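Dear colleague,

I am handing over the structure we spoke of, and below it you will find my notes on what came out of the analysis.

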Amino acid sequence: MSKMFVLSDCDNIVHQYLSELRDVEIQKDRTRFRKNLERIGGILAYELSKDLHFISKSIQTPIEVTKGKVLDEQPLLICVLRAAMPFFQGFLDVFDKADCGFVGAYRQEKENRIDIEFLYQATPDISDREVILIDPMLATGKSIVSTVSNLLKIGAPKSLHIVGVIAAPEGIEHISSQIEIPHKIWVGTIDKALNEKSYIVPGLGDAGDLAFGPKL
Ligand SMILES: O=P(O)(O)OC[C@H]1O[C@H](OP(=O)(O)OP(=O)(O)O)[C@H](O)[C@@H]1O
Ligand SMILES: O=c1cc[nH]c(=O)[nH]1
Ligand SMILES: [Mg+2]
């Protein structure tokens, strides 16, 4: 079973950003759509930072030497192209010294089934790293499972964090049952279910198309 953190479990500003992301009128403004994904990325990154390890460091201020804390090691951010790019940017603003990797995965509907085309992987070695896997929509969970199985071919991370904006219960279940290494899922919110096209209900539609326009 995955460990879970859900931002919408208490009242906070993320509810407003989620409402705007879902609203068909506000979605017409692509800049705002991308900005809201980025903002939620920053907030989730802050929450996730509480799970990371910090060490003390002496700091020379202009007045005296004091003690501060810094991240013990930088996380490795992995962005699932293409819809994750604005959400990923929110993480990169917070973890601004992080190494980054990119994978290209997209869904294809085949005979009422979703298959994942995994075409591109440009990542550093993930061995013994704090890996944060970034994708805004966890629908069937197949893109995440396919990405993790490809990443595990190059090494075993120290810890694996999977982050999303909106998840479907079916996706969480699939990720939990298929990913055998310890991991934690961090999301903005969990919606009702998937529809017959494997879109999240109520969801927000197609995140990649809304951020960047339709693709062939
Ligand atoms: O959990 P799943 O059922 O795998 O669905 C989630 C995937 O769908 C979206 O990508 P999409 O395939 O639409 O590609 P895109 O990023 O190019 O729009 C999204 O960004 C996830 O990667
Ligand atoms: O609801 C969904 C499912 C997959 N990808 C999206 O962008 N939205
Ligand atoms: Mg898409």
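With 17 C-beta neighbours inside 10 Å, S198 falls in the partly exposed class, because that class lies between the limits of 12 or fewer for exposed and 20 or more for buried. Please keep in mind that this is a predicted model. S198 sits in the loop between β11 (193–194) and β12, and its phi is positive, near 65°, although the residue is not a glycine.

E111 also has a positive phi, of about 45°, without being a glycine; this residue belongs to the loop between β5 (99–110) and β6 (113–122), and it counts as exposed because it has 5 C-beta neighbours inside 10 Å.

Two cis peptide bonds deserve a line each. One joins L81 and R82, with omega about 5°, and R82 lies in the loop between β4 and α3. Another runs from V201 to P202, with omega near 0°, where P202 is part of the loop between β12 (200–201) and α6.

In helix α3 (residues 85–94), the buried residues are P86, F87, F88, G90 and F91, and their cover includes α2, β4 (76–81), β7 (130–134), β9 (159–167) and α6 (207–212). From helix α2 (residues 30–49) comes R34, which, leaving aside neighbours within four places in sequence, is in contact with P86 and A211.

As for ligand 2, the residues around it are A83, M137, A139, Y199, I200, G203, D206, A207 and G208, a shell of six nonpolar, two polar and one charged residues.

Best regards

Key. Residues are numbered from 1 along each chain as its sequence is written. Chains are lettered from A and ligands numbered from 1 in the order in which they are written. This is a predicted model: local features need pLDDT of at least 70, side-chain atom pairs count only at pLDDT 80 or more; totals for chains, interfaces and linings use all residues. A residue is near a molecule or strand if its C-beta atom, placed from the backbone, lies within 6 Å of it. Ala, Val, Leu, Ile, Met, Phe, Trp, Tyr, Cys and Pro count as nonpolar, Asp, Glu, Lys and Arg as charged, and the others, Gly among them, as polar. Helices (H or I, at least four residues) and strands (E, at least two) are DSSP runs, numbered from the N terminus. Two residues are in contact if their C-beta atoms, placed from the backbone, lie within 7 Å.
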